[in-house]
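Dear colleague,

Please find below the structure that I am handing over to you.

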Amino acid sequence: MSDMKTFTFIFQDDEHQSQEKIESRGYKKAVKSFQNKYPKATDVKVIWYKDNVELQKEQKLPMGRKKKLEG
C-alpha cells in the first residue's frame, strides 16, 4: 500500500478556474510543491481524501515562515 495521497488544488487563473493534481505524502509537502509551480497564486482550495472522506481547506499562500520566504 502506498502512502501517497492525491491533493487537488483549485485556483483562479486569470479569468477562469484551474485545477492541478499533485501526488504527495502529506498536505504541507503538496502545498509547498504547488507554491513553487504557481508563485503568483494568493489562495487556493485544496481537496483530498482520508479514510474515504472528502476533506477540503482554503489555504492562503505563500505558506511557510515569512522570514525564510523573504530572503
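Two strands are said to pair if DSSP finds at least two bridges between them. In this predicted model, E1 and E2 meet that condition with nine bridges and run in the antiparallel sense. Within this pairing, Ile10 has Gln19 of E2 opposite it.

The hairpin formed by E1 and E2 has two residues between the strands. Asp14 belongs to the loop that links strand E1 (5–13) to strand E2 (16–24), and its phi is positive, near 60 degrees, although Asp14 is a residue other than glycine. Most residues other than glycine have a negative phi. Asp14 is also exposed, because its relative accessible area is 65% and the cut-off for exposed is over 50%.

Asp51, which is not a glycine either, has a positive phi of about 55 degrees. Asp51 is found in the loop between strand E3 (43–50) and E4. Its relative accessibility is 68%, so Asp51 counts as exposed.

The remaining point concerns a peptide bond. Which kind of peptide bond joins Leu61 and Pro62? The bond is cis, with omega at about -5 degrees. Most peptide bonds are trans. Pro62 is placed in the loop between strand E4 (53–60) and helix H2 (66–70).

In summary, the backbone features to examine are the positive phi of Asp14, the positive phi of Asp51 and the cis bond between Leu61 and Pro62.

With kind regards

Definitions and conventions. Residues numbered from 1 in each chain as written. Predicted model: local features only at pLDDT ≥ 70, side-chain atom pairs only at ≥ 80, totals over all residues. Heavy atoms only, no water. Helix = DSSP H or I, 4+ residues; strand = E, 2+ residues; numbered from the N terminus. Buried < 20%, exposed > 50% of the residue type's maximum accessible area, 1.4 Å probe, protein only.
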